[in-house]
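Hi,

Here is the structure I promised to pass on.

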Amino acid sequence: MPLGTDTKQYETPNHPFQGERIANEHSLADRYGLKNKEELWRAQSELRSYRREARDLLAQAQDDPVVQRRTEEFLGRLTRVGVLDEEDGLGDVLGLEIEDVLERRLQTVAYRKGLANTPQQARQFITHGHVVVDGRRTRIPSYVVDTDEENLVEFDENSPLADDLHPERAEGQ
């Protein structure tokens, strides 16, 4: 087994039985069509790692060329993924919300583009292999779509869903 594959990719909540947090998690899971809370916790851990890296970079001397290069690379990565805008800085990373991360999932992008009627249907289309990104079939709903790939998300040309008259196609496409 390769190193690191036996560790979880997320942290569970410290207090598992908080009504407000549970209600918030249910609402996010429904809105984004997540399979379970584990997917939400993975996104929260990803957001936490972004914030941690931003805090580490902010704590270092900003005039150091190595720190400046790392900051530019970090902000460039977040901009490429679509979590940040071009003009945003390190301080803006600390203000990111979980929705900013969830919006970049292939499942959400396919739903927002109108390829499916619901986020749950988008998830099904992706896992069944009907959706391609830049011509490559992607069966992972949590795949993070870069901003330059966003316009390349479409139905596979060999999929029955590629036909505009298919009954499962979203209305108005």
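Below is what turned up, starting with the helices and then moving on to the pockets and the sheet.

A bit of housekeeping: this is a predicted model, where local features need pLDDT of at least 70, side-chain atom pairs count only at pLDDT 80 or more, and totals for chains, interfaces and linings use all residues. Residues are numbered from 1 along each chain as its sequence is written, and side-chain values use heavy atoms, with hydrogens and water left out.

Helices first. Helices (H or I, at least four residues) and strands (E, at least two) are DSSP runs, numbered from the N terminus. Helix H1 (residues 19-32) packs on helix H2 (residues 37-59) at an angle of about 100°, and their axes are 10 Å apart. Axes here are lines fitted to C-alpha atoms, for helices over the stretch in contact, and angles run from 0 to 180 degrees between N-to-C directions. H1 is therefore roughly perpendicular to H2 (65 to 115 degrees counts as that; under 35 is roughly parallel, over 145 roughly antiparallel, and the rest oblique). From H1, the contact uses Ile22, Glu25, His26 and Leu28, and from H2 it uses Lys37, Leu40 and Trp41; contact means heavy atoms within 4.5 Å.

Now the pockets. A pocket is an open set of points on a 1 Å grid over the protein atoms alone, where a 1.4 Å probe fits, with protein on both sides within 12 Å along at least five of seven lines; lining residues have an atom within 4 Å of a point. The largest pocket holds about 280 Å³ of space, a volume being the space filled by probe spheres set on the points. Its lining has 15 residues, and Pro13, Arg21, Glu25, Gln44 and Arg48 lie nearest the centre. H1 gives the most to this lining, with four residues.

The second largest pocket has about 240 Å³ of space. Among the residues lining this pocket are Gln9, Glu39, Arg42 and Val144. Here H2 has the largest share, with five residues.

Last, the sheet. Three strands form an open sheet in the order E2-E1-E3, with antiparallel pairing; two strands pair if DSSP finds at least two bridges between them. The edge strands, E2 (136-137) and E3 (153-155), each pair on one side only. Strand E1 (residues 131-133) joins E3 over three bridges, and Val131 stands opposite Phe155 in E3.

Cheers
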